[in-house]
Amino acid sequence: MTDSAGMPYGHPRLVLKNISKAFGAVQALTNVDFEVLPGEVMGLVGDNGAGKSTLIKIMAGAYAPDTGEIFVEGTKVNLTSPQEANHQGIETVYQDLALCDNLDVVKNMYLGREARQGFLLKDAEMERRTLEVLKVLNVRIPSVRVPVAGLSGGQRQCIAVAKTILRNPKVVLLDEPTAALGVVQTRQVLNLILRLKEQGLSVVVISHNLRDVFEVVDRVTVMRLGRRAGVFDIKSTTQEKIIGAITGAEFGPSTVPAPAPSAFEIGPA
Ligand SMILES: Nc1ncnc2c1ncn2[C@@H]1O[C@H](COP(=O)(O)OP(=O)(O)OP(=O)(O)O)[C@@H](O)[C@H]1O
Ligand SMILES: [Mg+2]
């Protein structure tokens with residue numbers, strides 16, 4: 001477990017403080033602190049409904065929090081929209097990927113970008129950049145001119161992640177990137193996450209698969225019932241400890257509502 005206030009890892013790239021979010025009567029997040037450091041892969045785990053996706057969407061500018069503050073490299077930001085989050089260097093890949101099946105890889109990589117930049121990039125230039133990015137990330141596909149419908153799930157996931165790199169982000173958020181993938185495809189995506197880390201990016205990855213988590217993350221944040229139940233350094237923890245934090249095993253059955261601040265609770269950020 002590491003203390004965010006102690007900052008043994010240097011200056012955090014993205015910090016969330018005291019984030020709460022309700023949907024009507026449902027309190028999805030309560031006073032959540034979160035941080036990810038430069039070049040760090042941070043896992044985000046928790047049971048269904050624990051608040052993981054809601055937290056990611058707040059970092060992505062898709063939801064406005066009811067309370068709390070967000071800092072990018074120490075500067076307070078107001079993520080009023082996904083575009084503003086992109087502008088702050090935060091890119092997100094959701095599970096539904098938002099790729100266009102009938103378009104080829106190059107067109108998908110640049111989809112929605114040319115217009116916003118106010119000019120049309122030349123096709124050859126887009127292809128060159130696409131090949132470059134895929135090479136850096138070690139993503140192998142048969143051709144960048146095939147429609148993405150013809151790619152495997154893992155290849156599609158890799159394209160969706162590679163697409164975020166075109167904007168030179170500081171932080172990449174991945175919501176369940178391996179959920180629908182087989183063994184080989186999962187391996188491809190896990191390798192890609194490590195390539196992003198090598199590039200100095202910060203990665204936040206939601207996963208239900210603790211084996212995957214243990215392979216690629218540096219630390220893991222555990223969510224439980226809308227609260228942060230703990231932050232663990234992956235090298236000095238075990239799957240049992242993390243499952244204990246996910247289920248609240250030390251505080252009785254997970255049906256107990258709103259646990260008191262727990263032994264997992266980290267000091268104030
Ligand atoms: N748009 C919404 N409207 C109403 N309630 C929502 C909305 N989004 C999330 N919630 C509720 O907030 C809580 C947290 O949901 P969230 O999707 O963040 O959980 P999660 O940890 O991502 O779960 P899962 O592992 O199932 O994806 C749940 O009780 C959920 O029903
Ligand atoms: Mg979710």
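Predicted model: local features only at pLDDT ≥ 70, side-chain atom pairs only at ≥ 80, totals over all residues.
The shell around ligand 1 is formed by Phe-23, Val-26, Ala-28, Gly-46, Asn-48, Gly-49, Ala-50, Gly-51, Lys-52, Ser-53 and Thr-54. Two elements, β2 (26-36) and α1 (52-59), each give two or more residues to this shell. Helix α1 supplies the largest share, with three residues. Classified by side chain, the residues around ligand 1 comprise six polar, four nonpolar and one charged.

Helix α6 (residues 153-165) packs against helix α7 (residues 183-198), their axes coming within 8 Å and crossing at roughly 15°. Because angles under 35 degrees count as roughly parallel, α6 is roughly parallel to α7. The crossing of these two helices is right-handed. On the α6 side, the contact is made by Gly-153, Gly-154, Gln-157, Cys-158 and Val-161; α7 contributes Val-184, Gln-185, Gln-188, Val-189 and Leu-192. The contact residues of α6 and α7 divide into five nonpolar and five polar, with no charged residue. In general, an α-helix has 3.6 residues a turn, so residues three or four places apart point the same way.

Helix α5 (residues 123-136) contains 14 residues, which at 1.5 Å a residue should span 20 Å. Just after α5, Asn-138 adopts a positive phi of about 60°.

Notes:
Residues numbered from 1 in each chain as written. Chains lettered and ligands numbered in written order. Near = placed C-beta within 6 Å. Helix = DSSP H or I, 4+ residues; strand = E, 2+ residues; numbered from the N terminus. Nonpolar A, V, L, I, M, F, W, Y, C, P; charged D, E, K, R; others polar. Axes fitted to C-alpha atoms, helices over the stretch in contact; angles between N-to-C directions. Parallel < 35°, antiparallel > 145°, perpendicular 65-115°, else oblique. Left-handed = near helix turned anticlockwise from the far one by under 90°. Contact = placed C-beta atoms within 7 Å. Expected span 1.5 Å × (residues − 1).
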